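Here is a short report on one protein model. Look at the structure first, then read on.

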Amino acid sequence: MIFILPLFLFSREVFIIKQSCKAIVSRLRKKYPKGTRVRLVKMDDPQSPATGTLGTIQGIDDMGNILVAWDTGSSLSLIYNVDTWEVVSWSVKPVSWYPVA
């Protein structure tokens, strides 16, 4: 048996997902401004830089990937909620992740 759902249900769900992704990307851009220095803790990729490698954040793309120029010359991006890193120094003071009441 094949179920056919109205198209408006899918378009509404896609709209909600896009809005929540935009909010996450916006928060990431505020939390990790360009120029912030990071140290790699863990990245599950065979071509990843070694643990402890330092890099400079170049920006956040529209998918929420953190674009990093590693000191080794690599430019492999960090993936939020997948890779692990720590901030070494901020380029500017980050905006609070959650609004202060």
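## Surface, strands and rings

The accessible surface of the protein comes to about 7,400 Å², and 60% of that belongs to carbon and sulfur atoms. Such areas come from the Shrake-Rupley method with a 1.4 Å probe; for residues, only the protein chains shown count as cover.

This is a predicted model: local features need pLDDT of at least 70, side-chain atom pairs count only at pLDDT 80 or more, and totals for chains, interfaces and linings use all residues. Residues are numbered from 1 along each chain as its sequence is written, and side-chain values use heavy atoms, with hydrogens and water left out.

From the N terminus on, the order is α-β-β-β-β-β. Helices (H or I, at least four residues) and strands (E, at least two) are DSSP runs, numbered from the N terminus.

Strand β1 (residues 37-42) runs antiparallel to β2 (residues 54-60), joined by three bridges. Two strands pair if DSSP finds at least two bridges between them. In this pairing, Val38 stands opposite Gly55. Five bridges join β1 to β5 (residues 84-89), also antiparallel. There, Lys42 stands opposite Thr84.

Of the 101 residues, 23% count as buried. Buried means under 20% relative accessible area, exposed over 50%, and partly exposed in between (1.4 Å probe, protein chains only).

Now take Trp85, which is found in strand β5. Is Trp85 buried or exposed? Trp85 counts as buried because its relative accessibility is 13%. Beyond its neighbours within four places in sequence, Trp85 is in contact with several residues, including Tyr32, Val38, Leu40 and Ile66. Contact means heavy atoms within 4.5 Å.

How many aromatic pairs does the structure hold? There are two. Rings of Phe, Tyr and Trp (its six-membered ring) pair if their centres lie within 6.5 Å; planes under 30 degrees apart count as stacked, over 60 as edge-to-face and the rest as tilted.

| Pair | Type | Centre to centre | Angle between planes |
|---|---|---|---|
| Tyr32 and Trp85 | edge-to-face | 5.8 Å | 65° |
| Tyr32 and Trp90 | stacked | 6.2 Å | 25° |

Tyr32 lies in the loop between α1 (7-31) and β1 and Trp85 in strand β5, so their pair ties together parts that are 53 residues apart in sequence. The pair of Tyr32 and Trp90 also links distant parts: Trp90 sits in the segment after β5, 58 residues apart from Tyr32. Tyr32 counts as buried, at 9% relative accessibility. Trp90 is partly exposed, at 38%. Ring pairs link Tyr32, Trp85 and Trp90 into a cluster.
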